[in-house]
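Visitor: Please show me the model, and then take my questions one at a time.

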Amino acid sequence: MLAICESAGHLWGYLLPVGLFMGWVAVVYALFRRSAPEDRTWLIGLLVGCMAIAPLVMSIPNGFDGDGDYFARFLTSVAIAIALGLGIGLLRRRALLRTVGVALVGDVFAPGLLVLALIWVFAGDGFCLD
């Protein structure tokens, strides 16, 4: 593999996404590790719900003000996820930091990981990171 790019660039193209995925799994594990079993259902629901928020908000055509700004849509999806995390944390009277963390992982990390996986699959053959 190193002979194709004559450097370690091709190798990084394969190792970087795997490392980022393992980091994402470690963050999710840390958030769910010490949660009570009765709270895990709420946390999994929050994670899955926030995974759907980012694509739904990003799919609004031309953005909110008509200029197609993706950053405003990103901030809106993050604000919605934080509000959901705070709401569920206050409703369940549990650790707010954990529920907000799960919401942010669902809203930002999961769609980002999907985009990274798509780039890795489509650009993986013959792709050098130099």
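Guide: Helices (H or I, at least four residues) and strands (E, at least two) are DSSP runs, numbered from the N terminus. This is a predicted model, where local features need pLDDT of at least 70, side-chain atom pairs count only at pLDDT 80 or more, and totals for chains, interfaces and linings use all residues. Residues are numbered from 1 along each chain as its sequence is written, and side-chain values use heavy atoms, with hydrogens and water left out.

Visitor: What pattern does the chain follow along the sequence?
Guide: The secondary structure comprises five helices and zero strands. Read in sequence order, the pattern is α-α-α-α-α.

Visitor: Which helix holds S77, and is S77 buried or exposed?
Guide: S77 is part of helix α4, residues 70–92. Buried means under 20% relative accessible area, exposed over 50%, and partly exposed in between (1.4 Å probe, protein chains only). Because its relative accessibility is 1%, S77 counts as buried.

Visitor: Which residue's backbone oxygen does the side chain of S77 reach, and which residues is S77 in contact with, leaving aside neighbours within four places in sequence?
Guide: At 2.9 Å, the side chain of S77 reaches the backbone oxygen of F74. Contact means heavy atoms within 4.5 Å. With neighbours within four places in sequence left aside, the residues in contact with S77 are I53, A54, V57 and D107.

Visitor: How are α3 and α4 oriented to each other?
Guide: Two packed helices are described by the angle between their axes and the distance between the axes. Axes are lines fitted to C-alpha atoms, for helices over the stretch in contact, with angles from 0 to 180 degrees between N-to-C directions; for α3 and α4 the angle is about 160° and the axes are 9 Å apart. The contact includes I53, A54 and V57 of α3 and S77 of α4, among others. Angles under 35 degrees count as roughly parallel, over 145 as roughly antiparallel, 65 to 115 as roughly perpendicular and the rest as oblique, and α3 and α4 are therefore roughly antiparallel.

Notes: A polar contact is a pair of N or O atoms within 3.5 Å; within protein, one must be able to donate a hydrogen and the other to accept it, and residues adjacent in sequence count only if both atoms are side-chain atoms.
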